[in-house]
Amino acid sequence: MQLQLPEASVEAQRASRLLHNLIATEIRLQQGWISFARYMELLLYAPDLGYYSGGAAKLGKDGDFTTAPEITPLFGATLAHLTAELLVSSPALQPQILEFGAGSGQLAYDILTELAAGDNGAAGLQAYYIVELSAELRARQQLKLQAFPQVQWLDRLPASFSGVVIGNEVLDAMPVELVLRGAGGWLQRGVGLSEAGADGGDGQFIYIDRPAEPALIAQIPDAESLTVGHLTEVHPVAIGFMRSLGAMLKAGQGGVALFFDYGFPAAEYYLQQRDQGTLMCHYRHHAHPDPFYLPGLQDVTAHVDFTAMAAAALDTGLDLLGYSSQAAFLLEAGIGKLLLRTPPEHALAYLPQANALQKLVSPAEMGELFKVLAVGANAELPARFSRHDRSHRL
Ligand SMILES: C[S@@+](CC[C@H](N)C(=O)[O-])C[C@H]1O[C@@H](n2cnc3c(N)ncnc32)[C@H](O)[C@@H]1O
């Protein structure tokens, strides 16, 4: 496929070729085939060269996509107030936060800034932990958060944690497997190489399909009803992550984990109409479906199957505390009140914040597509959150 997208710099193209060669070498070592999840893992997280591990700007205006904390500090301020409320209402929670995949560090910055303002009862937050896979983003976060000595970076999930866990757009950044309904049954779509070019250089990436393990297809409800040619994703990495999170919170004996992301319950995810799946690439704010384009220079992501995430958490003994649209969740958490701290008469300050909030909650933008899944142990969300709860749809 020929894509007409903004041209990458010579240096970026060189890094992309290095990543291409690294992946091609692994494909050869693996007898010509790697799973799509392994391909996506290398694309995003290969040391120094993967999209998240390498030098791409990634987030914000100069990057490839934007996220709620990059849009407005009201997002982090709202989560700061909710954390304060949770710490008061659920005494089993230790006064600490663990954030997964902190990106530029903006969300941590906004939460800690709001808490430091001190009118919300949680100024006594003992620690703010960050687990970040990308060394490049971790370095950015360290720079951004130098004024906050309570921030500590962890190399992996701790065995036990009590407190509030936050992940914004982290589950969608976890590698997925592609599966395809073939005439003779379900296939797993992996990545191989075309014949090497006449110059002896590396071949191009191509899809190679193999019969799928039944365990992969078991993640799709009513898989047999989907017709030949149906392409979709399953999420073994994110499911494994939710299981580890569950074990961590159970061991900590008190926790609330909040995941914000785009996605659907399984019954909507695996609809016959969604027959090309949800895999999407973002390059300089252009979205397209080709994960072979400029490896390492574009984000590759898939929507989240929230039913599978909730089921994995429940399997480990966590409780399902809530599932709702991002709009309902943020409004219930008080984002509207926080906007009104800027008086509407001060139009120059108020209007940009009001527009940003509109982006987060409008059903035509992020309000409906983005959901919030809350799971936990020995804790609950405040009762008002049940008004718009959609847990029954999972
Ligand atoms: C789309 S970015 C979102 C960044 C940030 N949360 C935001 O909202 O701006 C995805 C982030 O998740 C991180 N990530 C992906 N898988 C992870 C995992 N298993 N543990 C921790 N971080 C992870 C990536 O390195 C990156 O920082």
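This tour visits the ligand site of a predicted model and then its aromatic residues.

**The ligand and its surroundings**

Select the ligand first, and then display the residues around it. Its shell consists of 19 residues, and the closest are Tyr45, Thr67, Gly101, Glu132 and Asn168. Colour this shell by residue class: twelve of its residues are nonpolar, five are polar and two are charged.

Next, select glutamate 132 together with the ligand. Here a polar side-chain atom of glutamate 132 is placed 2.5 Å from an oxygen atom of the ligand. Move on to asparagine 168, where an N or O atom of the side chain lies 2.7 Å from an oxygen atom of the ligand. For glycine 103, display the backbone: one of its polar backbone atoms is 3.5 Å from an oxygen atom of the ligand. How much of the ligand does the protein bury? Taken alone, the ligand exposes 600 Å², and the protein buries 95% of that area.

**Aromatic pairs**

Now hide the ligand and display the aromatic side chains. There are 20 aromatic pairs in the structure. Begin with tyrosine 51 and tyrosine 52, an edge-to-face pair with 5.1 Å from centre to centre and 75° between the planes. Both tyrosine 51 and tyrosine 52 are buried.

Continue to tyrosine 269 and tyrosine 270, whose rings form a tilted pair, 4.8 Å centre to centre with 40° between the planes. Are these two tyrosines buried or exposed? Tyrosine 269 is buried, because its relative accessible area is 0%, and a residue counts as buried under 20%. Tyrosine 270 has a relative accessibility of 6% and therefore also counts as buried.

**An aromatic cluster**

For the last stop, select Phe36, Tyr39, Phe205, Tyr207 and Phe292 together. These residues, Phe36, Tyr39, Phe205, Tyr207 and Phe292, make up one aromatic cluster.

Definitions and conventions:
Residues numbered from 1 in each chain as written. Predicted model: local features only at pLDDT ≥ 70, side-chain atom pairs only at ≥ 80, totals over all residues. Heavy atoms only, no water. Near = heavy atom within 4 Å. Polar contact = N/O pair within 3.5 Å; in protein donor to acceptor, adjacent residues only side chain to side chain. Areas by Shrake-Rupley, 256 points an atom, 1.4 Å probe, with all protein chains shown as cover. Nonpolar A, V, L, I, M, F, W, Y, C, P; charged D, E, K, R; others polar. Phe/Tyr/Trp six-rings, centres within 6.5 Å; stacked < 30°, edge-to-face > 60°. Buried < 20%, exposed > 50% of the residue type's maximum accessible area, 1.4 Å probe, protein only.
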